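Open the model in a viewer and keep the selection tool at hand. The stops below go one selection at a time.

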Amino acid sequence: MLKSMNYKNIVFCLLMLGGVSCNFLEEDPKGYITENDLPQTYEGALSLAMAPYENWVSGGNLFGRWFYLWELGTDDMSSQERPEISGPNANYLLHTANPDEYFYYNGIWGPLWKGVADCNNAMDKIQKMDGEITDEEKEEIIGELKTNRALYYYFLVRMFGDLPKVTQPMNLLSNLGEIPRSDAMEIYNEIIIPDLKDAIEVLPESYGTSYAGRFTKTSANVLLAEVYLTMAGWRYTSAGQLLKGDSELYRYAMAYADSAINNNGGFEIFTENEEYENPFEQPWRQHFSKESLIEFGNLSGLGKGAQAEGLQLVAETMDHGAGKFWGGNPKKFHGSATGMYIPTPDLFRAFEEGDKRKDFSMLVKAVDAKGDTCYSPPIYHKLCDPFIYRGEPGFQAADGDINIVLYRIADALLIFAEASNEVNGPTAKAVEQINKLRRRGGLTDLSTSMTKDQFREIIWKERRVETNGEGKRKFDLVRTNRLKQLADARDIYYSSSDNPEYANGQKDDILINTICLPYPQHEYIWPIPRPDMLLHDNWKQNYGY
């Protein structure tokens with residue numbers, strides 16, 4: 001039976017023939033009516049805009065399960081140690097990524113293009129509507145779709161380099177073969193940036209609670225700010241070159257981040273002054289909170305495994321190796337699994353002493369539904385479902401009931417500080433953005449008496465611990481040209497000193513994570529899947545594959 005999901009408001013709009021109602025996520029309307037039957041109304045147009053949202057977390061696609069293959073092998077993420085490395089994660093731990101790999105093709109590349117297609121198709125249909133919908137209403141929803149299309153392309157261009165430019169409806173993914181690949185910078189300048197600028201002009205500052213989770217003006221601002229931050233940094237090209245971007249773009253990143261921070265939609269970070277034990281965790285405890293700018297909900301309770309609507313990701317983040325980290329044989333978390341996506345000791349030690357962000361993010365023990373304390377090696381709390389790991393009645397291990405929080409006001413603070421430092425050095429305003437995050441984490445303020453280089457290193461560290469587990473680490477390491485350096489030098493072993501409650505004396509070689517091989521530079525981007533390479537003789541494979 002479908003659980004009541006009134007608080008998750010952003011996947012489907014239920015449209016009924018003979019009358020239209022918009023009641024998000026109380027029921028699953030897939031297959032109820034066809035697109036051709038949609039009313040020529042605002043609600044009909046809105047229903048078309050929902051598919052690209054759902055696609056980000058649908059079943060095993062993207063953040064539903066497979067996206068985090070991208071993060072494996074960085075200094076932040078590995079998999080549970082095994083005598084033999086096998087399974088979907090093997091190619092990314094052993095660095096044998098190849099164009100014939102099934103999971104990235106069907107779970108990442110294909111769904112990203114499906115998202116682009118959903119946006120293009122919806123925009124085309126909405127533009128042709130001539131019923132009870134105004135031009136202003138059309139523009140608003142098309143702005144929402146352009147933000148989503150920009151987001152899909154932003155992931156594609158950073159993961160695969162040069163791409164075909166597709167901005168019109170296409171019936172089949174195979175039709176991509178009819179379009180040449182364009183340079184990555186053309187994708188940024190001709191699709192991503194114009195889409196986001198158009199969206200900023202027409203999107204509202206906020207929506208009512210019935211439409212919580214839809215993209216707003218602030219969503220587009222924070223995304224455009226990060227786009228410029230990325231373009232100003234380093235990128236690895238499809239031809240195998242490592243190129244530095246235009247430093248002038250930091251000014252644009254700073255400006256759009258500032259607009260996101262000073263928004264009129266009521267978006268702000270949870271602070272140390274609010275009545276929460278740990279204000280940092282609230283974006284993952286309150287769906288579509290005041291801090292959240294881009295967040296994807298999902299339907300759960302429809303079963304588990306391949307047919308589940310809930311996030312299968314939650315099962316991949318659970319690790320049953322509690323004994324290694326705790327010593328002895330403690331009671332494990334409910335739903336403990338094979339730990340495909342788990343933090344490294346390097347990340348675990350990156351937090352300062354007393355940082356509340358670590359208290360929440362690195363989950364190691366919890367009280368279950370029976371009142372017993374259960375244990376785990378460090379896992380990403382942001383990607384775990386408390387209903388599952390506490391063993392609440394009726395839990396299903398692969399049917400997560402959490403949202404994916406992709407961008408927050410915290411991102412805007414970090415982007416502003418980094419871009420401002422590159423332009424002006426450590427100004428009081430830039431340092432204050434970092435101090436806001438440190439204060440709510442229970443840490444002391446930074447002083448402004450530091451060099452530009454010193455502040456840059458601090459910002460990078462703050463960004464790492466603030467956004468841990470959010471799928472941003474590899475992207476950040478590529479744009480700052482530190483991926484191979486830090487991935488190859490990461491800490492491999494836990495020590496008993498990492499856990500004051502370790503039960504078996506002193507031990508310095510606790511191996512929980514897979515020991516990944518050195519990071520090859522050509523894997524800064526992934527190959528174009530072979531099935532799509534075969535469709536176009538003029539496409540050249542990314543260097544190194």
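**A hairpin to start**

Select β10 and β11: the two strands form a hairpin with 5 residues between them, and Gly371 in the turn has a positive phi of about 90°. Residues are numbered from 1 along each chain as its sequence is written. The model is predicted, so local features need pLDDT of at least 70 and side-chain atom pairs count only at pLDDT 80 or more, while totals for chains, interfaces and linings use all residues; side-chain values use heavy atoms, with hydrogens and water left out.

Strand β10 covers residues 362–367 and strand β11 residues 373–380; they run antiparallel and are joined by 5 bridges. Strands here are DSSP runs of E, at least two residues, and helices are runs of H or I, at least four residues, numbered from the N terminus. Two strands pair if DSSP finds at least two bridges between them. Now pick Met362, which stands opposite Tyr380 in β11.

**Aromatic pairs**

How many aromatic pairs does a search of the whole structure find? The search finds 42. Rings of Phe, Tyr and Trp (its six-membered ring) pair if their centres lie within 6.5 Å; planes under 30 degrees apart count as stacked, over 60 as edge-to-face and the rest as tilted.

Select Trp70 and Trp526, an edge-to-face pair with 5.0 Å centre to centre and 80° between the planes. Trp70 lies in the loop between α1 and β3 and Trp526 in the loop between α17 and α18, so the pair ties together parts that are 456 residues apart in sequence. Both Trp70 and Trp526 are buried (under 20% relative accessible area, with a 1.4 Å probe and protein chains only).

Next, select Phe215 and Phe296, an edge-to-face pair at 6.4 Å centre to centre and 75° between the planes. Phe215 is in the loop between α5 and α6 and Phe296 in strand β8, so this pair ties together parts 81 residues apart in sequence. Phe215 and Phe296 are buried.

**Charges over rings**

A charge sits over a ring if NZ of Lys or CZ of Arg is within 6 Å of the ring centre and within 35 degrees of the ring normal. Then select Arg214, which lies over the face of Tyr211 at 4.9 Å from the ring centre.

Terms used:
Buried means under 20% relative accessible area, exposed over 50%, partly exposed in between (1.4 Å probe, protein chains only).
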